[in-house]
Amino acid sequence: MEPKRIIIALAGNANVGKSSVFNQLTGLSQTVGNWPGKTVERAEGKLHFAGYTITVLDLPGIYSLSTFSIEEIVSRDYIAIERPDVIVNVVDASALERNLYFTIQLLELQAPVVMALNQIDYAARRGVRINVELLSKMLGIPVVPTIAITGVGITELLNTVINIVEGKIKLSGSKIEYGREIEEELVRLENTVREKLPKLVENYPARWISIKLLERDEDIAHRVKESPGGDEVLAAADVAISRIEKIHGEPAPIVIASERYGMASHIAREVTEVISPPKVTLEDRLSSLTAHRILGYPILAAVATLMFTLIFIVGGYLVNILETFFEEMLIPTMDIYLSRFLPQFIVEIINGGLISGVAAGATIALPYIVPFYILLAILEDSGYLPRAAFLMDNLMHKMGLHGKAFIPLLLGYGCNVPACIGCRIMETERERFLAGFVVVLVPCAARSVIILGLAGRYLGLHVALTLYMFDLALIFVLGRIAYRLLPGKPIGLIMEMPPYRVPSPSLVLKKTWVRTKDFIYVALPLIIIGSVALQFLMSSGLIWPIADFMDPLISGWLGLPSLSGIPLIFGVLRKELTLILLAELAGTTSFEHIFTPIQMIVFTLVTMIYIPCIATIAALGHEFGWGKAAGVAAADILLAILLGGVAYRTILISNSLISLRFIGYHT
Ligand SMILES: Nc1nc2c(ncn2[C@@H]2O[C@H](COP(=O)(O)OP(=O)(O)OP(=O)(O)O)[C@@H](O)[C@H]2O)c(=O)[nH]1
Ligand SMILES: [Mg+2]
């Protein structure tokens with residue numbers, strides 16, 4: 001028998017745990033973290049349960065079904081027109097009142113709703129208990145308590161969904177009623193809508209259309225106007241609005257919104273029992289300290305420094321272990337073994353290309369990348385990111401952005417691709433592009449491999465940290481220039497501060513694993529392809545004309561050994577490749593034999609800036625169009641070449657000044 005199919009959609013406010021529920025249901029790994037606005041596009045997953053194939057949709061978080069933002073229209077149309085079989089309204093039990101404002105609107109849409117009352121563990125810790133039965137009775141929908149991060153209540157949620165689909169649970173219909181004056185107008189208007197707009201009523205409930213008209217919802221008014229007979233309905237709505245405004249002395253949309261808030265707060269009060277009165281917890285204290293107007297900044301600087309220092313120490317330690325394993329054990333053994341029955345040329349390609357590729361990927365990149373991902377996941381799940389964004393609001397305004405843009409910027413340190421997509425949390429197209437432009441200048445984990453593994457390892461952590469600081473300054477200056485070219489005022493920062501949480505170890509490990517797996521699946525093949533191609537260029541001698549051609553730029557302007565231009569070309573595939581291929585070219589991962597200290601700095605600087613990798617260019621193209629993507633890539637290349645040459649000369653001159661002074665002292 002064909003399995004029966006149903007579609008459920010997860011809807012609710014931002015940061016309530018929708019994606020956590022989604023991941024529990026589908027076993028997929030949608031981004032989960034502790035700041036609002038992670039899910040920006042609807043995601044889909046499937047599961048099999050009780051003979052059903054269930055498609056689950058994870059929607060972006062929204063606060064209302066009014067048309068303030070694209071996400072809200074997208075979610076609303078999805079719910080109203082495409083009609084999933086059941087909507088799971090995920091709700092944060094510790095902020096019930098605010099969440100109910102949205103639930104009420106779902107009920108007005110007369111959608112089949114189940115409530116997942118999530119984060120009950122957190123609510124309990126704050127001394128809040130919710131009377132689930134009463135809540136369910138007051139709303140007229142089933143309510144299932146859940147803890148999405150551990151999976152508590154998920155099976156019951158699914159059973160409830162199935163029971164609704166099979167008609168075993170009857171939804172008792174909306175119990176949402178406004179005040180008498182509004183209800184009277186609604187009944188009248190609803191009749192007119194039903195009579196005049198039979199087509200529109202097929203998509204949206206007549207009562208809901210009427211409410212939206214009273215709220216002066218532009219999107220719905222527009223749709224009504226387009227329909228035949230729509231003008232009469234709009235005229236009737238105008239009459240109703242003016243009657244309401246006369247009685248209440250306030251604009252009708254405000255009257256309706258405040259009645260809705262009234263209902264939400266009434267229900268929340270009725271069902272919430274505060275067991276222990278809220279006391280000032282450690283979380284609260286941490287929260288005010290880390291968002292403090294003055295103390296917040298040294299804390300931010302300390303967090304960042306600590307993070308990179310830790311990665312540097314752990315990474316360096318791991319590099320040493322792996323290097324010994326590959327260079328002293330595996331490769332020599334393979335060489336002897338393979339040479340027995342294969343011609344030298346092939347042994348070179350296999351050993352120098354394939355195995356060295358894997359070895360270089362493993363020794364150079366992974367030791368820095370894995371600790372990086374672990375720390376990033378901890379940071380993401382703790383709730384620190386929105387605080388950092390809040391602190392950076394002022395500075396970001398100078399680039400024509402607001403603090404929220406700092407979140408994709410920080411995520412960029414992990415990987416520029418999701419950071420680019422994450423720029424969708426910006427409200428306007430202009431801000432989104434500005435944010436995208438600066439985000440790709442952030443040194444991602446791959447670039448950190450070069451910064452920490454070359455400059456840091458050979459010249460000291462302070463050099464690496466200086467490079468990071470320089471990059472931040474550069475981002476700021478370029479952001480300011482871009483802002484001049486694309487003027488406009490940023491909207492004020494509206495962002496909710498989620499509470500601090502102790503990051504869940506399983507979530508952190510899972511996230512790290514998913515990202516590392518991505519790295520291995522995506523980067524390793526590219527690293528191997530790059531290594532084999534390079535080995536081919538070397539074995540065939542083709543490498544020399546290419547190096548000669550690039551010589552004026554690479555040695556003349558940047559002061560690097562001319563062969564190091566080749567890894568820079570391959571670096572477009574993946575940034576780690578620059579260092580990995582360099583190691584292969586030189587036949588050693590001891591970079592002090594390849595570069596002078598100045599060359600290390602110049603090489604790191606150029607790699608840090610010169611072009612986003614192909615995956616990032618693709619993300620830029622997808623988000624902002626290919627023209628802009630090409631423009632950003634070209635600008636970054638020119639900038640890197642320019643700064644690289646300038647840095648080379650500056651360091652050279654200042655070094656000779658220092659040595660001149662040194663000589664002066666001694667003569
Ligand atoms: N204590 C606790 N934390 C939870 C629970 N569910 C989710 N979280 C945490 O809440 C935060 C937000 O979870 P997400 O699943 O990303 O929320 P979302 O609703 O998808 O958020 P957006 O996509 O930004 O709208 C994460 O830090 C989760 O680990 C829960 O039941 N209990
Ligand atoms: Mg989400």
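Start by selecting helix H5 (residues 132–139) and helix H12 (residues 252–271), whose axes come within 9 Å and cross at roughly 150°. Axes are lines fitted to C-alpha atoms, for helices over the stretch in contact, with angles from 0 to 180 degrees between N-to-C directions. Helices are DSSP runs of H or I with at least four residues, numbered from the N terminus. H5 is therefore roughly antiparallel to H12 (angles over 145 degrees count as such).

This is a predicted model, in which local features need pLDDT of at least 70 and side-chain atom pairs count only at pLDDT 80 or more, while totals for chains, interfaces and linings use all residues. Residues are numbered from 1 along each chain as its sequence is written, and chains are lettered from A and ligands numbered from 1 in the order in which they are written.

Next, show Leu 134, Leu 135 and Met 138 of H5 with Ile 267, Glu 270 and Val 271 of H12; these residues make the contact (C-beta atoms, placed from the backbone, within 7 Å).

Now select Leu 189, in helix H7 (residues 180–196). Leu 189 is buried, with 23 other C-beta atoms within 10 Å; the cut-off for buried is 20 or more within 10 Å. Leaving aside neighbours within four places in sequence, its contacts are Ser 210, Leu 213, Ala 236, Ala 237 and Ala 240. Then pick Leu 395: from Leu 189 it is 206 residues away in sequence and 50 Å away in space, C-alpha to C-alpha.

Methods:
Helix = DSSP H or I, 4+ residues; strand = E, 2+ residues; numbered from the N terminus. Parallel < 35°, antiparallel > 145°, perpendicular 65-115°, else oblique. Contact = placed C-beta atoms within 7 Å. Buried ≥ 20, exposed ≤ 12 C-beta atoms within 10 Å, placed from the backbone.
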